[in-house]
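I opened this model to look up a few things. My notes follow in the order I made them.

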Amino acid sequence: MYHGMSNSMENLFRLSNAQSRSISPENYTGAKGGGAMCELEDGSARAAARDLGKGWKVNPFVRIPAGETFTVADITGPGAIQHIWMTPTGSWRNTIIRFYWDDQEAPSVECPVGDFFCAGWQEYFQVSTLAVCVNPGSAFNCYWTMPFRKRCRITLENRAEEEVVYYYQVDYSLGEVPEDAAYFHAQFRRVNPLPYKQVYTILDGVKGQGQYVGTYMAWGVNNNGWWGEGEIKFYLDGDSEYPTICGTGTEDYFCGSYNFEDPHTHQNYVGPEALWAVPVPHRGPHPVPERPAGDHPGPGLAGGRPLPAHAGRHRLGGLLVPDPAHRSLPATGGQGLSGGHLNLPGKKEPITGLLPFLPRPGEARGPGRLPGPRWRGRRTRCRSGPPPRRRGTPEGR
């Protein structure tokens, strides 16, 4: 019988013995029959629910104080995460999401929450792909199937100086995990600025069999001129000087071309109707609103234009990685010349979140370059379950 771990459209008609569960602030453990049990006086929304009482919308969100780590989910397997939804507040770069599989000490996923959900510039823009959706007004969704055999633990660490508020829901299934199922990994990297003529490494040090399935890149520009042309290269199975796979440009890798512009008008580069914001299943580039000079990370493109951000996948089936893998992006940019085109080294701020499936947990943890804590020396505490009681309702949902 079908195992029931994947919830893709192609499997919806198939029956299985898997059991559906969901974790949220209304059911911290995902226990059967355990939802909507919060007492009114303990609820985060008790003021709004004061006339309704227990069983209604009493505890829909949590508050995470500065310097604290909150356990979103702690699940005993076997099973698989199928969908995660959350609406963050505060600085998306200063809240770190981590996934731990099968009692491992080091996380297999360690990434700022905004970058994990393809929103690297602290700006809402709709992203519509098969794997990740960012929907109005600030709803982060991911649909990666993430199997685990013994245990899954998901945490959020607040590294900011202010408290943050999170609504969230983690949907998962409990049941048999296929023998060939690999573990989901995600790694965050950032270099600002990238040294002149240096190559930006997206991923390295991965060994053994696996499948590389996606990249999110927020691309800051610290010089005038064209931002693209950087070729993405894959070095496989001991490649040294030259790669096995070599692309033709940055926007090409993310399934676009020629600056994501309208080929006739050369417009639609920015704004909500930008051509490259049109959603497609396997990539979701989105623009950032045009702003006054100096009011954005880096000056942007020539003429004060915004910085691009890309949510892309290599291909639907992923990149098969049989042995050691290394992936790099030379940071080049083109400058238009009369009668020609010249590729020049660029001064970039590459920020990436990358997504491989590997046979064992914890095998793709890299240098990270996470933002440092900003909570002024408070001791980090880790907790799960109901947050401390506090009056009022959340702001900025």
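I take helices (H or I, at least four residues) and strands (E, at least two) as DSSP runs, numbered from the N terminus. The model is predicted, so I use local features only at pLDDT of at least 70 and side-chain atom pairs only at pLDDT 80 or more, while totals for chains, interfaces and linings use all residues. Residues are numbered from 1 along each chain as its sequence is written, and side-chain values use heavy atoms, without hydrogens and water.

**Entry 1: Glu110.** I found Glu110 in strand β6 (residues 109-112). Is Glu110 buried or exposed? Its relative accessible area is 13%, so it counts as buried (under 20%; exposed is over 50%, partly exposed in between; 1.4 Å probe, protein chains only). The side chains of Glu110 and Arg98 are joined by a polar contact of 2.9 Å.

**Entry 2: strand β17.** I looked at residues 233-236, strand β17. Lys233 and Tyr235 are buried on one side, Phe234 and Leu236 on the other. Strand β18 (residues 245-246) runs antiparallel to β17, and two bridges join them. Lys233 has Cys246 as its bridge partner in β18.

**Entry 3: the cores.** I looked for nonpolar cores, sets of buried Ala, Val, Leu, Ile, Met, Phe, Trp, Tyr and Cys residues joined through side-chain atoms within 4.5 Å. The largest has 49 residues, and Ile154 is one of those with the most contacts inside it. Strand β12 (residues 164-174) gives this core its largest share, five residues. Another core, of 17 residues, lies apart from it and includes Val206 and Phe254. In soluble globular proteins, nonpolar side chains tend to be buried together.

Note on methods. A polar contact is a pair of N or O atoms within 3.5 Å; within protein, one must be able to donate a hydrogen and the other to accept it, and residues adjacent in sequence count only if both atoms are side-chain atoms. Two strands pair if DSSP finds at least two bridges between them.
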